[in-house]
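The following exercises concern one protein structure, shown below.

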Amino acid sequence: MHPNPFPGKVMPCAVRASLLAFLMTGAAHAAEAGAAVAPSWKLSGFGTLGVAHSSEHEADFSSSALKGDGAGRSHDWSPQVDSKLGAQLDVQVAPRWSAVLQVVSEQRLDYSYRPRVEWANVKYQATPELALRVGRIALPMFVAADYRKVGYAYPWVRTPVELYGAVPLSSSDGADLTWRWNGETLRGTTQAYIGRTDMALYQGARLRGTGIAGLSQTLEHGDLSLRASVLTTRLTVSLYPELFAGLRAFGGQGLEVADAIATERKRANAFSIGMNYDPGQWFVLAEAGHYRVDSFLGATHSFYASSGYRHGAFTPYLGYARIAGKKPPGPHALATDGLPPPHAAAAAELNLVLDKLLRTIASQSTVTAGLRWDAAPNVAFKLQYDRVTPRAGSRGTMMNLGPGFRSGQTAHVSSAALDFVF
């Protein structure tokens with residue numbers, strides 16, 4: 001028996017199946033070709049060494065809700081916000097068969113840096129235009145979906161959290177079909193996919209998406225690129241078991257509240273549309289998205305716009321992002337009228353927890369200014385300032401709130417990052 005090459009839990013069945021299929025198809029092709037074509041492979045990597053500071057000392061600023069902490073309350077200067085390290089192995093077995101494996105290490109909700117398999121799939125290029133992949137595949141939900149972990153590939157220190165942090169799913173275990181076509185002046189890529197995902201969070205909690213299905217369309221015309229994507233799934237997030245057990249202990253009304261806000265096989269829908277116009281010396285990026293789950297995750301509308309100007313090795317840039325959240329259909333609290341005093345007190349405590357939970361549905365705006373310096377062909381240094389303002393009683397994308405946190409109070413976030421690829 002060979003040891004599992006990936007730390008943590010055993011790889012999901014879809015990933016194991018794709019790697020097994022890769023080995024089997026590679027062996028079969030080698031037998032057919034009489035080993036005339038030798039497999040080739042390429043190992044590459046990427047990473048970000050970053051540090052961030054936030055003026056908000058009653059909450060943490062973070063780049064993702066799937067991290068344990070960030071800058072502000074937990075750390076005056078935090079490397080956890082943006083730092084990561086990744087490696088990718090690309091293997092070409094035959095003219096039509098290839099495979100890719102990508103592993104990324106960054107902070108998780110349990111504060112560990114245990115590496116996670118982001119991609120692990122086999123591709124069959126049926127024709128020059130048509131390709132089939134099986135395994136773990138990045139969900140094509142945004143303009144930067146294929147390289148959202150590679151900081152060197154985009155101008156900012158991090159992708160806008162208002163949009164990219166709104167959808168908790170980034171990959172699925174399944175299959176996709178990609179068709180690339182060319183017109184006289186227009187190029188297009190149509191991608192349809194199905195799958196599922198199962199991600200460990202912390203202390204036994206998991207995020208599961210079943211029946212993932214989606215469609216993505218990319219169009220390119222000269223220096224302009226457009227992408228529209230739609231996704232649907234049944235989502236389960238097994239967080240806060242004590243809260244839901246306490247609600248259900250109240251019987252009828254407690255069951256009604258728990259069913260309204262629990263994320264247990266709830267239908268989740270997401271839509272995004274984005275554009276990138278880059279004639280060379282300057283660029284404009286803009287995206288918008290909508291995400292809805294009838295649970296404590298709520299519904300959000302988000303967008304950002306960003307532009308920059310390249311002057312030699314330096315690229316100053318500006319940006320604005322906003323997310324507006326909406327609570328799920330009610331009820332959102334237990335009625336305390338008529339309850340015996342001990343039960344009324346317990347219901348009031350649960351209502352406080354419920355209120356804090358629903359404040360996690362983000363409403364926030366961010367103004368960004370930054371400078372990128374391409375110090376070498378594979379190294380970029382970035383400085384960025386963000387003016388982050390949670391709104392409408394929400395905590396925005398902040399986490400680890402202290403008792404003095406107030407929605408509407410602006411956090412001034414300063415970041416520095418060294419991005420590299422090799």
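**Exercise 1.** At what angle do H3 and H5 pack, and how far apart are their axes?

*Solution.* The model is a predicted one, in which local features need pLDDT of at least 70, side-chain atom pairs count only at pLDDT 80 or more, and totals for chains, interfaces and linings use all residues. Residues are numbered from 1 along each chain as its sequence is written, and side-chain values use heavy atoms, with hydrogens and water left out.

Step 1. Helices (H or I, at least four residues) and strands (E, at least two) are DSSP runs, numbered from the N terminus. Axes are lines fitted to C-alpha atoms, for helices over the stretch in contact, and angles run from 0 to 180 degrees between N-to-C directions.

Step 2. The angle between H3 and H5 is about 135°, and their axes are 11 Å apart. That makes H3 oblique to H5; angles under 35 degrees count as roughly parallel, over 145 as roughly antiparallel, 65 to 115 as roughly perpendicular and the rest as oblique.

Step 3. Contact means heavy atoms within 4.5 Å. On the H3 side, Leu243, Gly246 and Leu247 meet Leu350, Val353, Leu354 and Leu357 of H5.

**Exercise 2.** Which residues of helix H3 are buried, and which exposed residues lie on the face turned away from them?

*Solution.* Step 1. Buried means under 20% relative accessible area, exposed over 50%, and partly exposed in between (1.4 Å probe, protein chains only).

Step 1. Within H3, which spans residues 241-248, Leu243, Phe244 and Leu247 are buried. Seen down the helix axis, the buried residues of H3 fall within an arc of 90°, so they line one face; the arc is that of the directions from the helix axis to the C-beta atoms.

Step 2. Pro241, Glu242 and Ala245 are the exposed residues on the face turned away from the buried side of H3. The buried residues pack against helix H4 (252-261) and helix H5 (341-358).

**Exercise 3.** Where does Pro329 lie, and which residues does Pro329 touch beyond four places away in sequence?

*Solution.* Step 1. Pro329 is in the loop between strand E16 (314-326) and H5.

Step 1. With a relative accessible area of 47%, Pro329 is partly exposed.

Step 2. Leaving out residues up to four places away in sequence, Pro329 touches Ala260, Arg292 and Asp294. Pro329 and Ala260 are 69 residues apart along the chain, yet their C-alpha atoms are separated by 6.9 Å.
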